[in-house]
Amino acid sequence: HSGVDYESFRKAFYVEVPEITRMTAEEVKKYREELEGIAVRGKNCPKPIKTWAHCGVAKKIFEALKKHNFEKPTPIQAQAIPAIMSGRDTIGIAKTGSGKTLAFVLPMLRHIMDQPPLSDTDGPIALIMGPTRELVMQIGKETKKFTKSLNLRVTCVYGGTGISEQIAELKRGAEIIVCTPGRMIDMLTANNGRVTNLRRVTYVVLDEADRMFDMGFEPQVMKIIDNVRPDRQVVMFSATFPRQMEALARRILNKPIEIQVGGRSVVCKDVEQHIIVIEEDQKFLKLLEILGHYYDEGNTIIFVDKQENADTLLKDLMKASYSCMALHGGIDQYDRDSNIVDFKNGKIKILIATSVAARGLDVKHMILVVNYDCPNHYEDYVHRCGRTGRAGNKGYAYTFITKEQERFSGDIVRALESSSVEVPPELDTMWVRYRAKQAAEGKKVHTGGGYSGKGFKFDENEAIAAS
Ligand code: ADP
Ligand code: MG
(Lines give C-alpha, C1' and ligand atoms only; values in the text may rest on other atoms or scores of the structure.)
(Ligands and ions follow the chains in the order given, each with its own letter.)
Protein backbone atom coordinates (compact mmCIF):
# COMPACT_ATOMS: atom_id res chain seq x y z
CA HIS A 1 0.00 0.00 0.00
CA SER A 2 2.88 2.38 0.70
CA GLY A 3 3.62 2.47 -3.01
CA VAL A 4 0.11 3.54 -3.93
CA ASP A 5 -0.91 7.17 -3.98
CA TYR A 6 -4.45 7.00 -2.61
CA GLU A 7 -6.76 10.02 -2.80
CA SER A 8 -7.90 11.22 0.60
CA PHE A 9 -11.54 10.64 1.39
CA ARG A 10 -14.11 11.47 4.03
CA LYS A 11 -15.74 8.98 6.39
CA ALA A 12 -17.38 11.16 9.04
CA PHE A 13 -20.67 12.74 8.01
CA TYR A 14 -22.78 12.51 11.09
CA VAL A 15 -24.11 15.71 12.62
CA GLU A 16 -26.06 15.24 15.81
CA VAL A 17 -29.32 17.18 15.86
CA PRO A 18 -30.15 19.34 18.92
CA GLU A 19 -32.99 17.02 19.96
CA ILE A 20 -30.49 14.19 20.37
CA THR A 21 -27.75 16.38 21.85
CA ARG A 22 -30.14 17.43 24.61
CA MET A 23 -30.65 13.84 25.77
CA THR A 24 -28.97 13.24 29.11
CA ALA A 25 -26.83 10.17 29.78
CA GLU A 26 -29.70 8.81 31.85
CA GLU A 27 -32.18 9.31 29.01
CA VAL A 28 -29.84 7.66 26.53
CA LYS A 29 -29.52 4.68 28.82
CA LYS A 30 -33.28 4.39 29.12
CA TYR A 31 -33.78 4.80 25.38
CA ARG A 32 -31.24 2.07 24.64
CA GLU A 33 -33.16 -0.22 26.97
CA GLU A 34 -36.36 0.57 25.13
CA LEU A 35 -34.66 -0.33 21.86
CA GLU A 36 -34.76 -4.02 22.79
CA GLY A 37 -31.83 -3.57 25.11
CA ILE A 38 -28.92 -2.15 23.15
CA ALA A 39 -25.47 -2.63 24.61
CA VAL A 40 -22.54 -0.65 23.22
CA ARG A 41 -18.80 -0.92 23.73
CA GLY A 42 -15.95 1.20 22.51
CA LYS A 43 -14.98 4.84 22.86
CA ASN A 44 -17.37 7.71 22.08
CA CYS A 45 -20.28 5.87 20.58
CA PRO A 46 -22.87 8.39 19.35
CA LYS A 47 -26.34 8.37 20.89
CA PRO A 48 -29.03 6.35 19.11
CA ILE A 49 -31.32 8.30 16.80
CA LYS A 50 -35.11 8.25 16.73
CA THR A 51 -36.13 9.21 13.20
CA TRP A 52 -34.67 9.07 9.70
CA ALA A 53 -34.34 12.85 9.74
CA HIS A 54 -31.89 12.51 12.61
CA CYS A 55 -29.31 10.93 10.33
CA GLY A 56 -29.73 13.55 7.65
CA VAL A 57 -30.76 11.29 4.78
CA ALA A 58 -31.02 12.87 1.33
CA LYS A 59 -34.50 13.69 0.06
CA LYS A 60 -34.42 10.92 -2.55
CA ILE A 61 -33.54 8.33 0.07
CA PHE A 62 -36.20 9.64 2.38
CA GLU A 63 -38.75 9.15 -0.38
CA ALA A 64 -37.59 5.59 -1.02
CA LEU A 65 -37.84 4.83 2.69
CA LYS A 66 -41.40 6.11 2.71
CA LYS A 67 -42.29 4.20 -0.42
CA HIS A 68 -41.25 0.93 1.22
CA ASN A 69 -43.01 1.76 4.48
CA PHE A 70 -39.81 1.97 6.47
CA GLU A 71 -41.32 4.38 8.95
CA LYS A 72 -38.53 4.67 11.43
CA PRO A 73 -35.19 3.01 12.15
CA THR A 74 -35.24 -0.41 13.81
CA PRO A 75 -33.17 -0.69 17.03
CA ILE A 76 -29.98 -1.86 15.30
CA GLN A 77 -30.40 0.88 12.69
CA ALA A 78 -31.03 3.55 15.34
CA GLN A 79 -27.66 2.86 16.94
CA ALA A 80 -25.51 1.57 14.09
CA ILE A 81 -26.31 4.30 11.56
CA PRO A 82 -24.95 7.21 13.64
CA ALA A 83 -21.94 5.06 14.65
CA ILE A 84 -21.05 4.19 11.06
CA MET A 85 -21.82 7.68 9.77
CA SER A 86 -19.35 9.04 12.32
CA GLY A 87 -16.72 7.20 10.33
CA ARG A 88 -16.14 4.49 12.92
CA ASP A 89 -15.44 0.85 12.28
CA THR A 90 -18.46 -0.92 13.70
CA ILE A 91 -19.57 -4.38 14.77
CA GLY A 92 -23.34 -4.82 14.78
CA ILE A 93 -24.94 -7.87 16.33
CA ALA A 94 -28.67 -8.43 16.14
CA LYS A 95 -30.87 -11.38 15.39
CA THR A 96 -32.07 -12.28 11.90
CA GLY A 97 -34.80 -10.02 10.59
CA SER A 98 -33.82 -7.00 12.63
CA GLY A 99 -32.92 -4.82 9.66
CA LYS A 100 -29.14 -5.08 9.59
CA THR A 101 -28.92 -4.57 5.82
CA LEU A 102 -30.25 -1.02 5.86
CA ALA A 103 -28.02 -0.26 8.84
CA PHE A 104 -24.98 -0.56 6.58
CA VAL A 105 -26.59 0.48 3.30
CA LEU A 106 -27.75 3.98 4.30
CA PRO A 107 -24.35 5.15 5.63
CA MET A 108 -22.74 3.54 2.58
CA LEU A 109 -24.81 5.66 0.20
CA ARG A 110 -23.79 8.86 1.98
CA HIS A 111 -20.17 7.70 1.88
CA ILE A 112 -20.24 7.00 -1.85
CA MET A 113 -22.09 10.19 -2.79
CA ASP A 114 -19.29 12.20 -1.21
CA GLN A 115 -16.69 10.86 -3.61
CA PRO A 116 -15.77 11.80 -7.17
CA PRO A 117 -17.40 9.69 -9.88
CA LEU A 118 -15.69 6.51 -11.08
CA SER A 119 -13.36 6.72 -14.05
CA ASP A 120 -13.29 4.00 -16.72
CA THR A 121 -10.71 1.87 -14.98
CA ASP A 122 -11.98 2.28 -11.45
CA GLY A 123 -13.31 -0.59 -9.38
CA PRO A 124 -16.01 -0.14 -6.73
CA ILE A 125 -16.09 2.28 -3.78
CA ALA A 126 -18.07 -0.05 -1.54
CA LEU A 127 -17.53 -3.78 -1.21
CA ILE A 128 -20.09 -5.92 0.60
CA MET A 129 -19.20 -9.55 1.32
CA GLY A 130 -21.62 -12.26 2.34
CA PRO A 131 -21.45 -16.05 2.73
CA THR A 132 -23.92 -17.26 0.09
CA ARG A 133 -25.26 -16.45 -3.30
CA GLU A 134 -28.79 -16.12 -1.86
CA LEU A 135 -27.65 -13.53 0.65
CA VAL A 136 -25.70 -11.63 -1.98
CA MET A 137 -28.77 -11.42 -4.20
CA GLN A 138 -30.91 -10.35 -1.26
CA ILE A 139 -28.52 -7.55 -0.29
CA GLY A 140 -28.33 -6.49 -3.93
CA LYS A 141 -32.10 -6.24 -4.07
CA GLU A 142 -32.37 -4.25 -0.84
CA THR A 143 -29.63 -1.88 -2.00
CA LYS A 144 -31.19 -1.29 -5.38
CA LYS A 145 -34.30 0.11 -3.68
CA PHE A 146 -32.18 3.20 -3.05
CA THR A 147 -29.51 3.36 -5.71
CA LYS A 148 -31.65 3.91 -8.78
CA SER A 149 -32.62 7.45 -7.97
CA LEU A 150 -29.03 8.22 -6.99
CA ASN A 151 -27.58 6.90 -10.24
CA LEU A 152 -25.38 4.40 -8.48
CA ARG A 153 -24.70 0.94 -9.91
CA VAL A 154 -24.78 -2.30 -7.93
CA THR A 155 -23.23 -5.52 -9.23
CA CYS A 156 -23.66 -8.91 -7.59
CA VAL A 157 -20.77 -11.34 -7.86
CA TYR A 158 -21.25 -14.94 -6.79
CA GLY A 159 -20.31 -18.46 -7.79
CA GLY A 160 -22.39 -21.22 -9.25
CA THR A 161 -23.30 -19.41 -12.45
CA GLY A 162 -21.53 -18.34 -15.61
CA ILE A 163 -18.73 -15.91 -15.00
CA SER A 164 -18.85 -13.99 -18.28
CA GLU A 165 -21.96 -11.96 -17.61
CA GLN A 166 -20.64 -10.83 -14.25
CA ILE A 167 -17.33 -9.90 -15.87
CA ALA A 168 -19.09 -7.81 -18.49
CA GLU A 169 -21.11 -6.03 -15.82
CA LEU A 170 -18.03 -5.32 -13.74
CA LYS A 171 -16.17 -3.93 -16.74
CA ARG A 172 -18.95 -1.41 -17.25
CA GLY A 173 -18.26 -0.22 -13.71
CA ALA A 174 -20.18 -0.24 -10.44
CA GLU A 175 -19.90 1.85 -7.30
CA ILE A 176 -21.10 -1.05 -5.21
CA ILE A 177 -20.14 -4.72 -5.44
CA VAL A 178 -21.96 -7.32 -3.38
CA CYS A 179 -20.06 -10.60 -3.46
CA THR A 180 -19.16 -13.95 -2.03
CA PRO A 181 -15.44 -13.87 -1.17
CA GLY A 182 -14.36 -16.79 -3.37
CA ARG A 183 -15.89 -15.52 -6.59
CA MET A 184 -14.65 -12.00 -5.86
CA ILE A 185 -11.08 -13.28 -5.76
CA ASP A 186 -11.67 -14.96 -9.14
CA MET A 187 -12.84 -11.61 -10.49
CA LEU A 188 -9.90 -9.70 -9.08
CA THR A 189 -7.44 -12.07 -10.69
CA ALA A 190 -9.28 -12.51 -14.01
CA ASN A 191 -7.66 -10.97 -17.10
CA ASN A 192 -4.60 -9.85 -15.14
CA GLY A 193 -6.74 -7.66 -12.91
CA ARG A 194 -8.35 -5.77 -15.76
CA VAL A 195 -11.90 -6.74 -14.79
CA THR A 196 -12.04 -4.90 -11.51
CA ASN A 197 -9.75 -3.77 -8.71
CA LEU A 198 -9.80 -2.60 -5.11
CA ARG A 199 -7.99 0.73 -5.53
CA ARG A 200 -11.05 2.87 -4.88
CA VAL A 201 -12.55 0.73 -2.15
CA THR A 202 -13.00 2.77 1.03
CA TYR A 203 -16.08 1.10 2.59
CA VAL A 204 -16.12 -2.61 3.34
CA VAL A 205 -18.98 -4.62 4.81
CA LEU A 206 -18.83 -8.18 6.15
CA ASP A 207 -22.41 -9.35 6.43
CA GLU A 208 -23.39 -12.52 8.28
CA ALA A 209 -19.83 -12.68 9.47
CA ASP A 210 -20.59 -15.64 11.74
CA ARG A 211 -21.72 -17.75 8.82
CA MET A 212 -18.77 -16.72 6.66
CA PHE A 213 -16.59 -17.83 9.51
CA ASP A 214 -18.48 -21.12 9.98
CA MET A 215 -18.21 -21.86 6.30
CA GLY A 216 -14.47 -21.39 6.35
CA PHE A 217 -14.21 -18.20 4.27
CA GLU A 218 -11.85 -16.45 6.63
CA PRO A 219 -8.76 -16.85 4.39
CA GLN A 220 -10.57 -15.44 1.36
CA VAL A 221 -12.01 -12.55 3.36
CA MET A 222 -8.57 -11.72 4.75
CA LYS A 223 -6.99 -11.89 1.34
CA ILE A 224 -9.44 -9.33 0.01
CA ILE A 225 -9.30 -7.03 3.04
CA ASP A 226 -5.49 -7.04 3.05
CA ASN A 227 -5.62 -5.63 -0.44
CA VAL A 228 -7.87 -2.72 0.49
CA ARG A 229 -6.19 0.53 1.58
CA PRO A 230 -5.52 0.49 5.33
CA ASP A 231 -7.50 3.66 6.15
CA ARG A 232 -10.75 2.12 4.84
CA GLN A 233 -13.90 1.95 6.95
CA VAL A 234 -14.97 -1.58 7.84
CA VAL A 235 -18.30 -2.66 9.28
CA MET A 236 -19.21 -6.15 10.31
CA PHE A 237 -22.71 -7.49 10.89
CA SER A 238 -23.68 -10.78 12.38
CA ALA A 239 -26.47 -12.59 14.21
CA THR A 240 -24.00 -13.99 16.73
CA PHE A 241 -20.44 -13.23 17.75
CA PRO A 242 -18.67 -16.49 18.56
CA ARG A 243 -15.41 -16.27 20.42
CA GLN A 244 -13.46 -17.58 17.44
CA MET A 245 -14.41 -14.46 15.50
CA GLU A 246 -12.69 -12.12 17.93
CA ALA A 247 -9.26 -12.62 16.43
CA LEU A 248 -10.60 -11.89 12.97
CA ALA A 249 -12.38 -8.77 14.22
CA ARG A 250 -9.26 -7.56 15.95
CA ARG A 251 -7.22 -7.92 12.78
CA ILE A 252 -9.51 -6.07 10.44
CA LEU A 253 -11.34 -3.47 12.52
CA ASN A 254 -9.74 -0.36 13.90
CA LYS A 255 -10.98 0.78 17.34
CA PRO A 256 -14.46 -0.44 16.58
CA ILE A 257 -17.71 0.42 18.23
CA GLU A 258 -19.59 -2.76 19.13
CA ILE A 259 -23.34 -2.69 19.19
CA GLN A 260 -25.45 -5.57 20.34
CA VAL A 261 -29.20 -5.66 20.32
CA GLY A 262 -30.83 -7.99 22.82
CA GLY A 263 -29.00 -10.23 25.22
CA ARG A 264 -26.84 -13.14 24.42
CA SER A 265 -28.82 -16.15 23.26
CA VAL A 266 -29.60 -18.81 25.86
CA VAL A 267 -31.31 -22.19 25.67
CA CYS A 268 -35.00 -21.72 26.40
CA LYS A 269 -36.67 -23.09 29.51
CA ASP A 270 -38.78 -25.59 27.56
CA VAL A 271 -35.70 -27.60 26.64
CA GLU A 272 -34.57 -30.18 29.17
CA GLN A 273 -30.78 -30.28 28.87
CA HIS A 274 -28.78 -33.44 29.62
CA ILE A 275 -25.01 -33.74 29.47
CA ILE A 276 -23.51 -37.20 29.25
CA VAL A 277 -19.81 -37.69 29.85
CA ILE A 278 -19.04 -40.83 27.88
CA GLU A 279 -16.37 -42.91 26.13
CA GLU A 280 -16.29 -42.58 22.36
CA ASP A 281 -17.06 -46.30 21.82
CA GLN A 282 -20.09 -46.19 24.10
CA LYS A 283 -21.83 -43.36 22.24
CA PHE A 284 -23.78 -45.45 19.78
CA LEU A 285 -25.31 -47.73 22.41
CA LYS A 286 -26.29 -44.73 24.48
CA LEU A 287 -27.86 -43.13 21.41
CA LEU A 288 -30.00 -46.22 20.80
CA GLU A 289 -31.14 -46.10 24.39
CA ILE A 290 -32.18 -42.46 24.07
CA LEU A 291 -33.89 -42.98 20.71
CA GLY A 292 -35.85 -45.88 22.20
CA HIS A 293 -37.24 -43.44 24.69
CA TYR A 294 -38.35 -40.65 22.36
CA TYR A 295 -38.80 -42.19 18.92
CA ASP A 296 -42.59 -42.42 19.12
CA GLU A 297 -42.98 -38.87 20.35
CA GLY A 298 -41.70 -36.82 17.43
CA ASN A 299 -38.77 -35.84 15.25
CA THR A 300 -35.16 -36.12 16.27
CA ILE A 301 -32.10 -34.30 15.01
CA ILE A 302 -28.65 -35.75 15.69
CA PHE A 303 -25.71 -33.41 15.32
CA VAL A 304 -22.28 -34.57 14.24
CA ASP A 305 -19.28 -32.45 13.34
CA LYS A 306 -18.21 -33.96 10.01
CA GLN A 307 -19.82 -35.35 6.86
CA GLU A 308 -18.10 -38.73 7.30
CA ASN A 309 -19.50 -39.07 10.81
CA ALA A 310 -22.97 -38.35 9.46
CA ASP A 311 -22.61 -41.06 6.81
CA THR A 312 -21.23 -43.63 9.26
CA LEU A 313 -23.95 -42.96 11.78
CA LEU A 314 -26.58 -43.12 9.06
CA LYS A 315 -25.43 -46.64 8.10
CA ASP A 316 -25.30 -47.81 11.71
CA LEU A 317 -28.77 -46.52 12.49
CA MET A 318 -30.20 -48.09 9.35
CA LYS A 319 -28.70 -51.39 10.45
CA ALA A 320 -30.50 -50.91 13.74
CA SER A 321 -33.72 -50.54 11.67
CA TYR A 322 -34.24 -46.85 12.16
CA SER A 323 -35.31 -44.96 9.05
CA CYS A 324 -33.23 -41.81 8.93
CA MET A 325 -31.47 -39.44 6.60
CA ALA A 326 -28.41 -37.21 6.53
CA LEU A 327 -28.12 -33.52 5.80
CA HIS A 328 -24.70 -32.08 5.03
CA GLY A 329 -22.79 -30.09 2.46
CA GLY A 330 -21.88 -33.21 0.48
CA ILE A 331 -25.47 -34.01 -0.43
CA ASP A 332 -26.77 -32.32 -3.51
CA GLN A 333 -29.46 -29.67 -3.29
CA TYR A 334 -32.19 -31.78 -4.87
CA ASP A 335 -31.75 -34.68 -2.43
CA ARG A 336 -31.49 -32.24 0.42
CA ASP A 337 -34.78 -30.60 -0.44
CA SER A 338 -36.65 -33.88 -0.82
CA ASN A 339 -35.10 -35.22 2.41
CA ILE A 340 -36.30 -32.15 4.25
CA VAL A 341 -39.81 -32.62 2.91
CA ASP A 342 -39.86 -36.24 4.14
CA PHE A 343 -38.60 -35.11 7.50
CA LYS A 344 -41.14 -32.32 7.79
CA ASN A 345 -44.11 -34.53 6.99
CA GLY A 346 -42.90 -37.18 9.41
CA LYS A 347 -42.09 -39.90 6.86
CA ILE A 348 -38.60 -39.94 8.26
CA LYS A 349 -38.20 -39.10 11.90
CA ILE A 350 -34.47 -38.92 12.39
CA LEU A 351 -32.17 -36.42 10.77
CA ILE A 352 -28.39 -36.56 11.09
CA ALA A 353 -26.83 -33.19 10.35
CA THR A 354 -23.84 -30.93 10.71
CA SER A 355 -24.46 -27.54 12.34
CA VAL A 356 -23.88 -25.62 9.14
CA ALA A 357 -26.29 -27.75 7.11
CA ALA A 358 -29.00 -27.42 9.72
CA ARG A 359 -28.92 -23.61 9.75
CA GLY A 360 -32.25 -22.11 8.86
CA LEU A 361 -33.99 -25.48 8.89
CA ASP A 362 -37.39 -24.88 10.41
CA VAL A 363 -39.15 -28.06 11.48
CA LYS A 364 -42.02 -28.22 13.90
CA HIS A 365 -42.55 -30.94 16.51
CA MET A 366 -38.89 -31.63 17.06
CA ILE A 367 -38.88 -33.51 20.31
CA LEU A 368 -35.23 -34.46 20.63
CA VAL A 369 -31.78 -33.06 19.84
CA VAL A 370 -28.74 -35.27 20.34
CA ASN A 371 -25.31 -33.67 20.18
CA TYR A 372 -23.59 -36.91 19.19
CA ASP A 373 -20.40 -34.94 18.60
CA CYS A 374 -19.93 -32.26 21.21
CA PRO A 375 -20.45 -28.70 19.94
CA ASN A 376 -17.19 -26.78 20.08
CA HIS A 377 -18.50 -23.40 21.16
CA TYR A 378 -21.22 -21.72 23.15
CA GLU A 379 -23.27 -20.33 20.28
CA ASP A 380 -23.28 -23.65 18.49
CA TYR A 381 -24.51 -25.44 21.60
CA VAL A 382 -27.31 -22.93 22.12
CA HIS A 383 -28.32 -23.00 18.46
CA ARG A 384 -28.42 -26.75 18.27
CA CYS A 385 -30.43 -27.13 21.47
CA GLY A 386 -32.77 -24.43 20.21
CA ARG A 387 -33.96 -26.77 17.45
CA THR A 388 -36.29 -28.32 19.97
CA GLY A 389 -38.60 -26.79 22.59
CA ARG A 390 -40.16 -24.43 20.09
CA ALA A 391 -43.43 -22.56 20.40
CA GLY A 392 -44.00 -23.65 23.97
CA ASN A 393 -43.58 -27.39 23.29
CA LYS A 394 -41.33 -29.36 25.56
CA GLY A 395 -38.11 -30.66 24.07
CA TYR A 396 -35.07 -32.65 25.14
CA ALA A 397 -31.42 -32.08 24.36
CA TYR A 398 -28.71 -34.67 25.06
CA THR A 399 -25.06 -33.78 24.64
CA PHE A 400 -22.25 -36.35 24.55
CA ILE A 401 -18.85 -35.18 25.66
CA THR A 402 -15.81 -37.42 25.93
CA LYS A 403 -12.93 -37.07 28.39
CA GLU A 404 -10.75 -35.98 25.48
CA GLN A 405 -13.07 -33.03 24.87
CA GLU A 406 -12.39 -31.23 28.13
CA ARG A 407 -11.67 -28.07 26.18
CA PHE A 408 -15.35 -27.74 25.23
CA SER A 409 -16.62 -28.19 28.78
CA GLY A 410 -16.33 -24.51 29.73
CA ASP A 411 -18.73 -23.26 27.09
CA ILE A 412 -21.28 -25.90 28.00
CA VAL A 413 -20.99 -25.08 31.69
CA ARG A 414 -21.59 -21.46 30.78
CA ALA A 415 -24.59 -22.33 28.62
CA LEU A 416 -26.17 -24.42 31.38
CA GLU A 417 -25.59 -21.68 33.91
CA SER A 418 -27.04 -18.97 31.71
CA SER A 419 -30.25 -20.95 31.33
CA SER A 420 -30.31 -21.69 35.08
CA VAL A 421 -29.69 -25.41 34.79
CA GLU A 422 -27.62 -27.19 37.39
CA VAL A 423 -24.21 -28.26 36.09
CA PRO A 424 -23.71 -32.03 36.45
CA PRO A 425 -20.79 -32.77 38.77
CA GLU A 426 -18.98 -34.85 36.13
CA LEU A 427 -18.96 -31.94 33.71
CA ASP A 428 -17.95 -29.50 36.38
CA THR A 429 -15.01 -31.75 37.27
CA MET A 430 -13.89 -31.79 33.64
CA TRP A 431 -13.99 -28.03 33.49
CA VAL A 432 -12.07 -27.62 36.75
CA ARG A 433 -9.46 -30.10 35.56
CA TYR A 434 -9.09 -28.37 32.22
CA ARG A 435 -8.60 -24.98 33.81
CA ALA A 436 -6.03 -26.41 36.22
CA LYS A 437 -4.09 -27.97 33.34
CA GLN A 438 -4.11 -24.76 31.35
CA ALA A 439 -3.04 -22.76 34.37
CA ALA A 440 -0.16 -25.18 34.96
CA GLU A 441 1.01 -24.49 31.43
CA GLY A 442 0.67 -20.76 32.02
CA LYS A 443 -2.18 -20.39 29.54
CA LYS A 444 -5.20 -18.23 30.01
CA VAL A 445 -8.63 -19.77 29.68
CA HIS A 446 -11.58 -17.83 28.45
CA THR A 447 -15.02 -19.12 27.74
CA GLY A 448 -18.16 -17.94 26.13
CA GLY A 449 -18.11 -15.26 23.51
CA GLY A 450 -17.51 -11.57 23.50
CA TYR A 451 -20.76 -10.79 25.16
CA SER A 452 -20.82 -12.73 28.37
CA GLY A 453 -19.88 -10.93 31.54
CA LYS A 454 -17.41 -8.19 30.83
CA GLY A 455 -16.65 -9.51 27.37
CA PHE A 456 -13.41 -9.17 25.55
CA LYS A 457 -11.66 -5.90 24.90
CA PHE A 458 -9.83 -4.83 21.81
CA ASP A 459 -7.04 -3.17 23.69
CA GLU A 460 -6.26 -1.52 27.01
CA ASN A 461 -7.52 1.95 26.06
CA GLU A 462 -10.78 0.61 24.76
CA ALA A 463 -11.20 -1.33 27.97
CA ILE A 464 -10.78 1.82 30.03
CA ALA A 465 -13.13 3.79 27.81
CA ALA A 466 -15.80 1.15 28.05
CA SER A 467 -15.78 0.84 31.82
P1 ADP B 1 -31.33 -8.91 8.95
O2 ADP B 1 -30.18 -8.68 8.02
O3 ADP B 1 -31.10 -8.30 10.31
O4 ADP B 1 -31.73 -10.35 9.04
P5 ADP B 1 -32.86 -7.52 6.94
O6 ADP B 1 -31.96 -6.37 6.73
O7 ADP B 1 -32.82 -8.61 5.95
O8 ADP B 1 -32.60 -8.15 8.40
O9 ADP B 1 -34.33 -6.93 7.13
C10 ADP B 1 -35.43 -7.74 7.42
C11 ADP B 1 -36.69 -7.15 6.82
O12 ADP B 1 -37.05 -5.93 7.48
C13 ADP B 1 -36.56 -6.81 5.35
O14 ADP B 1 -37.71 -7.24 4.69
C15 ADP B 1 -36.44 -5.30 5.33
O16 ADP B 1 -36.94 -4.76 4.13
C17 ADP B 1 -37.27 -4.91 6.54
N18 ADP B 1 -36.86 -3.63 7.15
C19 ADP B 1 -35.60 -3.18 7.30
N20 ADP B 1 -35.58 -1.99 7.93
C21 ADP B 1 -36.85 -1.66 8.20
C22 ADP B 1 -37.48 -0.54 8.86
N23 ADP B 1 -36.76 0.46 9.36
N24 ADP B 1 -38.83 -0.55 8.96
C25 ADP B 1 -39.54 -1.58 8.46
N26 ADP B 1 -39.02 -2.66 7.85
C27 ADP B 1 -37.68 -2.72 7.71
MG1 MG C 1 -28.91 -9.81 6.99
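Predicted model: local features only at pLDDT ≥ 70, side-chain atom pairs only at ≥ 80, totals over all residues.
1. Y158 sits in the loop between β4 and α7 (164-172). Its C-alpha is 7.3 Å from that of M184, although the two residues are 26 apart in sequence.

2. Which atoms of the protein make polar contacts with ligand 1? On the side-chain part, a polar atom of Q77 lies 2.9 Å from a nitrogen atom of the ligand. E142 also places a polar side-chain atom 2.9 Å from ligand 1, here from an oxygen atom. The backbone takes part through G99, where a polar atom is 3.1 Å from an oxygen atom of ligand 1. Taken alone, the ligand would expose 570 Å², and the protein buries 72% of that area.

3. Q77 leads on to helix α4, as Q77 is one of the buried residues of that helix. How enclosed is α4 (residues 75-85)? It is largely enclosed by the rest of the structure, because 11 of its 11 residues are buried. The buried set runs through P75, I76, Q77, A78, Q79, A80, I81, P82, A83, I84 and M85. After α4 comes G87, with a positive phi near 90 degrees.

4. Now to the sheets. One open sheet is formed by 8 strands, and its order is β1-β8-β2-β7-β6-β3-β5-β4 with mixed pairing. At its edges are β1 (38-41) and β4 (154-157), each of which pairs on one side only. From one strand to the next, the twist averages 15 degrees. As a reminder, strands of a sheet pair through backbone hydrogen bonds, and they may do this in parallel or antiparallel fashion.

5. With β2 (residues 90-93), strand β8 (residues 257-261) runs parallel, and 4 bridges join the two. Within that pair, T90 has I257 as its bridge partner, and I93 has Q260. With β1, the direction is antiparallel, again through 4 bridges. Here R41 is the residue whose bridge partner in β8 is E258.

6. Is β8 covered or open? It is mostly covered, with 5 of its 5 residues buried. In a regular strand, side chains alternate between the two faces of the sheet. In β8, I257, I259 and V261 lie on one side and E258 and Q260 on the other, and all of these are buried, leaving both faces covered. E258 and Q260 therefore count as buried, which by the cut-off means under 20% relative accessible area.

7. A second open sheet has 6 strands in the order β9-β14-β13-β10-β12-β11, and its pairing is parallel. The edge positions belong to β9 (271-277) and β11 (324-327), each pairing on one side only. The twist here averages 20 degrees from one strand to the next. For one pair inside this sheet, look at β10 (residues 299-303) and β13 (residues 366-371), which run parallel and are joined by 5 bridges. T300 stands opposite L368 of β13 in this pair.

8. A last stop is S409 in helix α17 (residues 406-418). S409 counts as buried because its relative accessibility is 0%. What does its side chain meet? A polar atom of the S409 side chain lies 2.6 Å from the backbone oxygen of E406.

Note on methods:
Residues numbered from 1 in each chain as written. Chains lettered and ligands numbered in written order. Heavy atoms only, no water. Polar contact = N/O pair within 3.5 Å; in protein donor to acceptor, adjacent residues only side chain to side chain. Areas by Shrake-Rupley, 256 points an atom, 1.4 Å probe, with all protein chains shown as cover. Buried < 20%, exposed > 50% of the residue type's maximum accessible area, 1.4 Å probe, protein only. Pairing = 2+ DSSP bridges. Axes fitted to C-alpha atoms, helices over the stretch in contact; angles between N-to-C directions.
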